[in-house]
Amino acid sequence: MAKRSARRAQKQPAYYDIDDSSNNVRHLFDEPAWSPLHQSQKSSNKRTKGHRREEEGQKYRKNIKAQNPAQQKMLDAIDAASLVFATGAAGTGKTYLAVAKGVEALEAGKVKRIVLSRPAVEAGESLGFLPGDMEEKLSPYLRPLYDALCDRLSTKRLKALTAEGVIEIAPIAYMRGRTLNNAYVVIDEAQNCTYGQLKMLLTRLGWNSSMVVTGDPAQTDLLPGVSGLEQVVEKLSKIEKIGIVQFSREDVVRHPLVAEMIDAL
């Protein structure tokens, strides 16, 4: 037995007790075993966490900052009036600001729920019969509102608030007969609403509620003369307590080409 132990000792490599202050020199038998990946993984994890924090900070900003005087006018109008019309050129941030102010009001406790609605009108082409239940059929039409909400709330919280009914996204057809109290209401793509539909929607406004109507009369998908947005805005412009904000091509905040295309088209 003694001879076998001696042979094993001879076969085992020697243990060198060398100062490991330098990263280039390591013991032959570290406990626990050292790997060159450990340090890189730690630094990578730190960078990933920091990058995630930066992304979250950028994605879920709580403070809204106007990009131009027209946007500032819209923000001020929403704070001052219970009913605001924001009309004009595409790409000016009308829908985003309306939804963002709704989330801000909900977070501040000014309202108990957010109701977002837009007409289920196809943009110049027929999609036919969509599969699924009612929610799945309407999802493509209401997607822009989801996108705006996802930019202000995390996906997990948005799902929770939607499941609780705090945030409701509904087509215009289901708004008749309702009274929206303690709510922040956004009517998007109002240029695709008829005069009768807009009249019905505007009269849903209840106590302690605010409503923002957005749309671009130049991009209606209805037949000529059917859209009622311009007519409604013209008639209600005489009421001082209603805010009306008009956006132009100078207020476009999308790609610079959008403004040029608006003029050309």
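**Reading the labels**

Tutor: Gladly! Of the 265 residues in the chain, 36% are buried. Keep in mind that this is a predicted model.

Student: What makes a residue count as buried?

Tutor: Its relative accessible area has to be under 20%, while exposed means over 50%.

Student: Then why is L257 called partly exposed?

Tutor: L257 has a relative accessible area of 44%.

Student: Where is L257 found?

Tutor: L257 lies in helix α9, which spans residues 256-264. The chain has 9 helices, along with 6 strands.

Student: What makes L257, M261 and L265 a nonpolar patch?

Tutor: Leu and Met are among the nonpolar side chains that are joined within 5 Å, and patch residues need over 30% relative accessible area. Together, L257, M261 and L265 have about 360 Å² of accessible area on the surface.

Student: How confident is the predictor in the chain, as given by the mean pLDDT?

Tutor: The mean pLDDT is 78, and 68% of the residues reach 70 or more. Over residues 14-23, though, pLDDT stays under 50, and the model has 10 contacts beyond four places in sequence for them. Residues 53-59 also have a pLDDT below 50, with 3 contacts beyond near neighbours in sequence.

Methods
Residues numbered from 1 in each chain as written. Predicted model: local features only at pLDDT ≥ 70, side-chain atom pairs only at ≥ 80, totals over all residues. Heavy atoms only, no water. Patch = residues over 30% accessible without salt bridge, like charges linked within 9 Å, V, L, I, M, F, W, Y side chains within 5 Å. Areas by Shrake-Rupley, 256 points an atom, 1.4 Å probe, with all protein chains shown as cover. Salt bridge = Lys/Arg side-chain N within 4 Å of Asp/Glu carboxyl O. Helix = DSSP H or I, 4+ residues; strand = E, 2+ residues; numbered from the N terminus. Buried < 20%, exposed > 50% of the residue type's maximum accessible area, 1.4 Å probe, protein only. pLDDT = per-residue confidence, 0-100. Contact = heavy atoms within 4.5 Å.
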